[in-house]
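Please keep the structure open while you read, and find each residue as it comes up.

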Amino acid sequence: MQTLQHLSKNIVYLPPVQETDRPVLAAVTGNKKTLIIDAGNSVRHAQLFKDELLRNDISGNFLVLTHSHWDHVFGLENIGIPVICQEKTYTNIKDMQQLSWEDQALDQRVEEGTEIPFCADAIKLEHGTNREIAFPLPDIIFEKTMTIDLGNITCVIEHVGGDHAKDSCIIYVPEEKTLFLGDCLYANLYAEKWNYTAEQASLLINKIEAYDAETYILSHHDQPCTKQVMEAELKLMKECARTVVEHRGNQALMEQELAKELKRDLSEDELETIGFFVNGYVK
Ligand SMILES: [Zn+2]
């Protein structure tokens with residue numbers, strides 16, 4: 001059972017669920033308004049969050065989408081409040097409205113390589129046999145950044161892009177030093193091999209490092225990340241982006257150099273990250 005977590009007086013969130021690919025849903029509340037972050041992977045998911053918020057006397061006034069991947073937008077159907085998104089998220093949703101989510105259509109897209117097995121399976125699991133999935137177009141569209149004054153609490157939304165999704169946006173709450181990263185730090189999963197590119201990763205890291213944050217929320221991580229954990233993660237990614245170019249995608253040489261720098265064996269996660277950079281390196 002998913003229950004609401006209180007990150008602070010002004011921020012609550014519903015943790016993610018791995019099996020059905022439910023991302024974090026969050027609410028940031030000021031003394032005037034509440035901003036909801038992401039719509040969820042189904043009407044059921046969105047309703048669960050709404051109910052949990054109501055039990056805590058919170059109701060949303062606006063909703064912002066971090067990007068257009070299905071698990072963040074399929075809950076839009078009965079949302080009933082103005083929805084904000086980046087312009088590319090808007091056009092992606094428009095395109096997705098044309099698609100069928102029935103078994104045959106999903107399987108065909110997996111076959112063609114435009115959908116990935118993990119998402120197709122999660123959609124089937126979350127939505128059962130009813131795949132009449134309707135998600136209306138968002139109402140408010142921005143290009144680069146947008147700031148929302150919730151009353152003593154501010155949300156700065158910035159389009160950052162990256163390998164995971166070109167439309168990825170992050171939401172910064174300066175008064176709480178909290179940064180919602182959505183999925184932007186994850187690899188590109190819509191590729192033959194999951195990957196990061198040195199160029200996109202470097203651009204993204206610079207944008208993330210511009211924010212003075214103590215707490216980071218990644219949409220599919222069970223726990224918020226501390227500053228120390230995030231600094232280590234970004235450092236690793238920077239090193240990977242540098243060494244993948246220097247060693248022309250030679251994984252063994254990258255691993256050697258990074259292990260030498262860290263003066264220890266590399267962890268599974270570190271090896272995986274290096275592998276993703278090798279996958280994204282075009283010789
Ligand atoms: Zn995503």
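**Notes on the fold and a few residues**

1. The centres of domain 1 and domain 2, taken over C-alpha atoms, are separated by 27 Å. Domain 1 covers 5–223 and domain 2 covers 227–283, with bounds that come from an automatic or database domain assignment. Between them, 19 residues of domain 1 are in contact with 13 residues of domain 2, where contact means heavy atoms within 4.5 Å.

2. A word on what you are looking at: this is a predicted model, in which local features need pLDDT of at least 70 and side-chain atom pairs count only at pLDDT 80 or more, while totals for chains, interfaces and linings use all residues. Residues are numbered from 1 along each chain as its sequence is written, and side-chain values use heavy atoms, with hydrogens and water left out.

3. Now the chain as a whole. It has 9 helices and 13 strands; these are DSSP runs numbered from the N terminus, with helices being H or I of at least four residues and strands E of at least two. The radius of gyration is 19 Å, close to the 19 Å that the globule rule gives for 283 residues, so the protein chain is as compact as a globular protein of that length. For that comparison, the radius is taken over C-alpha atoms and the rule is 2.2 Å times the number of residues to the power 0.38. Along its principal axes, the C-alpha trace spans about 55 × 50 × 35 Å.

4. How much of the chain is buried? Of the 283 residues, 52% count as buried; that means under 20% relative accessible area, with exposed being over 50% and partly exposed in between (1.4 Å probe, protein chains only). Among contacts with a separation of 6 or more, 60% come from residues 24 or more positions apart.

5. On charge, the protein chain carries 26 positive and 46 negative side chains, and the centres of the two sets lie 4 Å apart. Here Lys and Arg count as positive and Asp and Glu as negative, while His and the chain ends are not counted. Each charge is placed at NZ of Lys, CZ of Arg, CG of Asp or CD of Glu.

6. Because its relative accessibility is 12%, Met-96 counts as buried. Leaving aside neighbours within four places in sequence, Met-96 is in contact with Ser-68, Trp-70, Val-73, Phe-74, Trp-101 and Phe-135.

7. Two residues deserve a look for their backbone angles. Most residues other than glycine have a negative phi. Asp-57, however, has a positive phi near 60 degrees, and Arg-248 has a positive phi of about 45 degrees. Asp-57 is found in the loop between α1 (43–55) and β5 (62–64), and Arg-248 lies in the loop between α7 (227–246) and α8 (251–262). Asp-57 counts as exposed because its relative accessibility is 75%; Arg-248, at 61%, also counts as exposed.

8. Last, which residues does Asp-222 contact, leaving aside its neighbours within four places in sequence? They are Tyr-13 and Pro-16. Asp-222 lies in the loop between β12 (215–218) and β13 (225–226) and is exposed, with a relative accessible area of 54%.
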